[in-house]
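Subject: Structure handover

Hi,

Here is the structure I promised you. Please open it first, then read my notes below.

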Amino acid sequence: EEAFRRLPSNVRVNWPQDNISLYDLANETSVFLNAWSSAGKEMSLLGLPVVIYSPQLIYYPSDLNYVGTSEQEFIARIDQALRDGWSIERSRTTYRWLAVEYDYSLIDITDGYSPQDEPTRWSLRGISNRVKRRVIPLYQQTQDCSRRTSLRSSHTIDAIFRRGAVTPLDSHVGKTLPDISPAEEDRALRFELGRIGRALFGSDGLHGPNTLAGRLRSLNVES
């Protein structure tokens, strides 16, 4: 707080007690400047341009954002982002990346293990389990393994090791991409962005067309 007492007139700190969310700011923002937060990915998903200075600090592809690694280049990227403005194509690119990150590159192993609720401390089973954990090495781990079942994704895991694949995305290992047309993708994208806009900002039409709420509302299509 002491470091922030003297700030330039065009700088504000968003304190928790202000009750201003990231989405309140997004609704009025032209360009986001990001260091390493995943908010840079989220703002790009909403179509807003984001400028970063250190691509090695983020955990998503830096080409989803504008990159300026020197002061001069950073300022130039801000100017470029202001000229380019909001873009549904930026949302499309980010959605495609998130499909890779959260679906196609993952292997679901949740069907292979069913944890049991821990009994209360002083119940008969709870006392019995504590005694067994003291007497029998790796008792809990042994019990866990006894409840494991065959994985639906076992063939995928096996293929990764047998073929020396680096990730599940390698050829003939991962999921088959859906066969949809550009028009189908565009409709799905517009529907989702419209739905997000209604969830974040409501549907009362009080926001102007140049706000994020107005732009997302203009994309709305029926499911």
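Which residues does Trp86 touch, not counting residues up to four places away in sequence? They are Leu46, Gly47, Leu48, Pro49, Leu212, Arg215, Leu216 and Leu219. Touching, or contact, means heavy atoms within 4.5 Å. Trp86 sits in the loop between helix 3 (71–84) and helix 4. Its C-alpha atom is 8.6 Å from that of Val31, and the two residues are 55 apart along the chain.

Some ground rules. This is a predicted model, in which local features need pLDDT of at least 70, side-chain atom pairs count only at pLDDT 80 or more, and totals for chains, interfaces and linings use all residues. Residues are numbered from 1 along each chain as its sequence is written, and side-chain values use heavy atoms, leaving out hydrogens and water.

**The whole chain**

The protein chain has nine helices and three strands. Both are DSSP runs, numbered from the N terminus: helices are H or I with at least four residues, strands are E with at least two. From the N terminus, the order is α-β-α-β-β-α-α-α-α-α-α-α.

The radius of gyration is 24 Å, while a compact globule of 223 residues would have one near 17 Å. This radius is taken over C-alpha atoms, and the globule rule is 2.2 Å times the number of residues to the power 0.38. The C-alpha trace spans about 65 × 55 × 45 Å along its principal axes. Of the 223 residues, 29% are buried (under 20% relative accessible area, with a 1.4 Å probe and protein chains only).

The three strands form an open, parallel sheet in the order 1-2-3. Strands pair if DSSP finds at least two bridges between them. Strand 1 (32–34) and strand 3 (66–67) are the edges, each pairing on one side only. Three bridges join strand 1 to strand 2 (residues 50–52). Asn34 has Ile52 in strand 2 as its bridge partner.

**Two packed helices**

Helix 4 (residues 88–104) packs against helix 8 (residues 182–201) at about 100°, with the axes 11 Å apart. So helix 4 is roughly perpendicular to helix 8 (65 to 115 degrees counts as that). Axes are lines fitted to C-alpha atoms over the stretch in contact, and angles run from 0 to 180 degrees between N-to-C directions.

Helix 4 brings Ile88, Ser91, Arg92, Tyr95 and Arg96 to this contact. Helix 8 brings Glu185, Asp186, Leu189, Arg190, Glu192, Leu193 and Ile196.

Best wishes

Technical notes. Parallel < 35°, antiparallel > 145°, perpendicular 65-115°, else oblique. Buried < 20%, exposed > 50% of the residue type's maximum accessible area, 1.4 Å probe, protein only.
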